[in-house]
Every structure is written in C-alpha cells, then in structure tokens.
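Here is a walk through one protein model, taken a region at a time. Keep the structure open and follow along.

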Amino acid sequence: MINNRKDQVCGLVGEKLGHSFSPQIHGELSDYQYSLFELPNDELESFIKSNRYHSVNVTIPYKSAVMPYLDVISQTAQKIGSVNVVTHLPDGRLFGDNTDLYGFKYMMHKSGMDLKDKNVLILGTGGTSKTVFAAATELGAKKISLVSRAGELNYGNAHILCPDTQIIVNCTPVGMYPNNGACPIDISLFPMLEGVADVIFNPAKTQLLIDAESRGIKTANGLSMLVAQAKRACEIFTCEDIPDSEIDRITHIIEGQTTNIILVGMPGCGKTTVGKILANQLGRKLIDTDELVVDLAGKTIPEIFAQNGEDEFRRIESQAIAAAGKKSGVIIATGGGAVTREQNYIPLHQNGVIVFITRDVSTLQKDGRPLSLSRDLKQMYKERLPLYRKFCDIEIPNTTPNDTAQAILKYFLED
C-alpha cells in the first residue's frame, strides 16, 4: 500500500454506482480518499472541470462522454475512443487515459483464454467494447465482430452471421446487479464456442457465465479486470509503480469479502444457529430466507401452509431466495426444502459457496416446521439427499454448531 496521501481525493464517476467494489480495491492500493460520485449526465461537465477531486476513474455511461472536457488524452485512450481515468496535471490541465485495456488483457491472461487466431464476438458497442476490441486486436484475434441492438449484426442474428464464434465477451450491463438473471445472448446457438468472458463482476457469475459453465466452457468474470485497471489507475494517481502481484492479492481479498456463504440442509439441522456463529465471527449479516418468507407473506410459515398450501410457500420462498442471492458478502440460511425447486440454484450459486450441513435424522428439531411434523423425516431425507448434494459445493457434518462453523470457516478461508 502507498501511504501518506490521506488528503488526496480520488473516486469513481458514473451514473449508478451502488454495485461498485472500487472503494475496497483502492483502499488496498493506497490510503487516499476514494469516493463514489453518482452524477446525472447534465452534471458531468461541471464536475469533471471542477477542483472537487485529484483523480477519478470513470465508468458507465461516461467513458466516451467525458473526453470533450479533457485537455490532454493519452494515445491509447485516443485510439480506443474511451477514457476511464481522469487526473489533474500539476499545471492544472485535465489528463485522460485508459487503463481498461491493461485490465482486460490481464483478465484474459489469468483466465487462460488465448485470443490469438480466434473468432471473437463482442456484445455491446459502448466505451468498454471499444477497449475490448482494441485489446482483442493487439492479442491477435483473427476476426472481431461487434453486436448491437439495432445494427446489421444484432442479438437476433449473431448466431447466423457469426456461427464460427469461438470467444464471446460481454461488454453490456445486461445481467449486472440489481438486474441479476438477465442474459444478452443464447450461447447454445454457437457450436464452436470455447470461452466466455463477462466484464461484469457483480454478480460473480452472471447468467451468461452460468450458461457457459453448465456446458463446460471456460469462463472469466470482470473482477480481475477491475482490480488490474485499478492498480494501473493508482499508478497514474500517485506516479508510483505497483507490482503486478498486488492484483492477485487484492482480487483474492475482494472475492473473500464478497462471496456469500449459503447453508442448505434438512429442517432442524442447525443452519440458522451455525449461520449466527459465522455472521458474528466474520462481522457479516445473516439472512434467514424463512424470515424473508414471513415478511413477504405477512403471516407465519405454519399459517401459509394451513391457508395456502406448500406450493404457495415454495413460490414465496423462491422470491426470498432470489432477493437474498443478489447480496454480496452475507451468510444465507435457507429453508430445508429450498433445494426442491431447481430454480433456486442459480440465485444461490451466482455469488456464493453452498454448504450442505448434515445431521443425523433422529436429532433433527421439528417444532414450527409443518412438513417435519407431517412427514416421515427419514423418507424426506432420502428424497432430498441427492438434491442437497447437487446444490452444494461442500458437505460438512453438524457435530456441534461451533465446530461446524469452524469447519466452514476453515474451508472458506483456505479456498
């Protein structure tokens, strides 16, 4: 970390920044102040020309829009037509540069996706897509195609006009928090596809990446790109070199801070109790999806079952799981039957590690659990065991709640 810059005001300029991890990343790089500046378009010019900051990053949708307000623009940024770093030079002029190019090339290197002699399909035509186009060119791509909503090459005909696509890169905000689950294109229509990269980093796995993952296709999200470009931006902010090893260190830290720990298992196996211990030790929020169901329905779970039946309960539960799964860096304790609906997997998987807590069926608590009281638990466990194992990333027995929590922490912190 570069120290003694506490009076230097830096930050991120964009339209909507609630999803940003940049303050945490720059907090690891240096001790300058790093703030989020959410601006409507009509305030962009006055802010950029002001003295309210020393240096800023620029993100969607202002990477191109900011360029007319700058006095000096680097050759890289001019060539790409996109700026994501603005800084005040010592003589008062405004300087713009592009560190996304460096970030994307680093992302591709870490992912193991080689673009040389490959057919690349870039989704989107904004500032980030311009950067990715330039990077793909430098990395030796054979053919690069840009997809837009209304262009000659669009989302409806891309698979027809570019059937030989080998690498897809998403440069649109489709699927980004809080609009999780949206997907810009159907990758099943590309038979030669071997890699999918998404510059989105929240959620960690967009629907696009999950689709690719399910087909065994190599994937990469945008977190390493974000950290790499931030490292290069910090070098510009401070005029000091930072070793590339910092990129991997900080990426690992941010992944640890933002990955959810999700607990699944039979009713009464101790998910909430273990979740409270984890939340206390990690300083995180615990989200109990059963409590969210009660809040959404305005009635207790036994009342939902008695008045509306299990199907209605499962419908509301899926809503609760979708809301909880969008969060980052939380502990989520699910209901025992959450795994009975396949649609619940992706919301839990997109940002988290799923832990199956096992416990001897004879010791399970039944109070306040309608299905546990009305059904044979051994039969229920037999039916659900394959589902728990299909959902989970790790299986841990509940010997005591504290020992179980420590085992989860050991796995999580060593991963």
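Begin at a helix start. This is a predicted model. Helix 11 covers residues 289-297, and at its start a side-chain oxygen of Asp-288 comes to within 2.9 Å of the backbone nitrogen of Asp-290. The residue that follows helix 11 is Gly-298, with a positive phi near 75°.

Two other residues have positive phi without being glycine. For Asp-117, phi is about 60°. Asp-117 sits in the loop between helix 4 and strand 7 (119-123). Its relative accessibility is 48%, so Asp-117 counts as partly exposed. For Cys-239, phi is near 60°, again positive in a residue other than glycine. The loop between helix 8 and helix 9 holds Cys-239. Cys-239 is exposed because its relative accessible area is 71%, and the cut-off for exposed is over 50%.

Next, look at the cis peptide bonds. One runs from Ile-60 to Pro-61, with omega near 5°. Pro-61 belongs to the loop between strand 3 and strand 4 (72-73). Another joins Tyr-177 and Pro-178, with omega about 10°. Pro-178 is in the loop between strand 9 (167-170) and strand 10 (195-198).

Strand 1 spans residues 9-14, and five of its six residues are buried. Strand 1 runs parallel to strand 2 (residues 33-38), and six bridges join them.

Strand 5 (residues 85-88) contains Val-86. Is Val-86 buried or exposed? Its relative accessibility is 0%, so Val-86 counts as buried. Beyond its neighbours within four places in sequence, Val-86 contacts Tyr-53, His-54, Ser-55, Val-56, Val-58, Val-66, Leu-70, Leu-94 and Phe-95. Val-86 and Ser-22 are 64 residues apart along the chain, and their C-alpha atoms are separated by 15 Å.

Gln-78 lies in helix 3 (residues 75-80). At 52% relative accessibility, Gln-78 is counted as exposed, because the cut-off is over 50%. From Gln-78 to Met-67 is 11 residues in sequence and 9.0 Å in space, C-alpha to C-alpha.

Move on to Asn-260, in strand 12 (residues 260-264). Its relative accessibility is 1%, so Asn-260 counts as buried. What does the side chain of Asn-260 reach? It reaches the backbone oxygen of Lys-327, at 2.8 Å. Lys-327 is also among the contacts of Asn-260 beyond four places in sequence, which include Arg-284, Ser-328, Asn-351 and Val-353.

Finish at the largest pocket. About 940 Å³ of space lies in it. Its lining has 38 residues, of which Ala-204, Asn-221, Leu-223, Glu-255 and Thr-259 lie nearest the centre. Elements that give two or more residues to this lining include helix 4 (100-111), helix 8 (223-238), strand 15 (352-358) and helix 17 (401-414). Which helix gives the most to the lining of the largest pocket? Helix 9 does, with eight residues.

Notes:
Residues are numbered from 1 along each chain as its sequence is written. This is a predicted model: local features need pLDDT of at least 70, side-chain atom pairs count only at pLDDT 80 or more; totals for chains, interfaces and linings use all residues. Side-chain values use heavy atoms; hydrogens and water are left out. Helices (H or I, at least four residues) and strands (E, at least two) are DSSP runs, numbered from the N terminus. Buried means under 20% relative accessible area, exposed over 50%, partly exposed in between (1.4 Å probe, protein chains only). A polar contact is a pair of N or O atoms within 3.5 Å; within protein, one must be able to donate a hydrogen and the other to accept it, and residues adjacent in sequence count only if both atoms are side-chain atoms. Contact means heavy atoms within 4.5 Å. Two strands pair if DSSP finds at least two bridges between them. On a 1 Å grid over the protein atoms alone, a cavity is a set of points where a 1.4 Å probe fits but cannot get out, and a pocket is an open set with protein on both sides within 12 Å along at least five of seven lines; lining residues have an atom within 4 Å of a point. Grid points are joined across faces, edges and corners, and a volume is the space filled by probe spheres set on the points.
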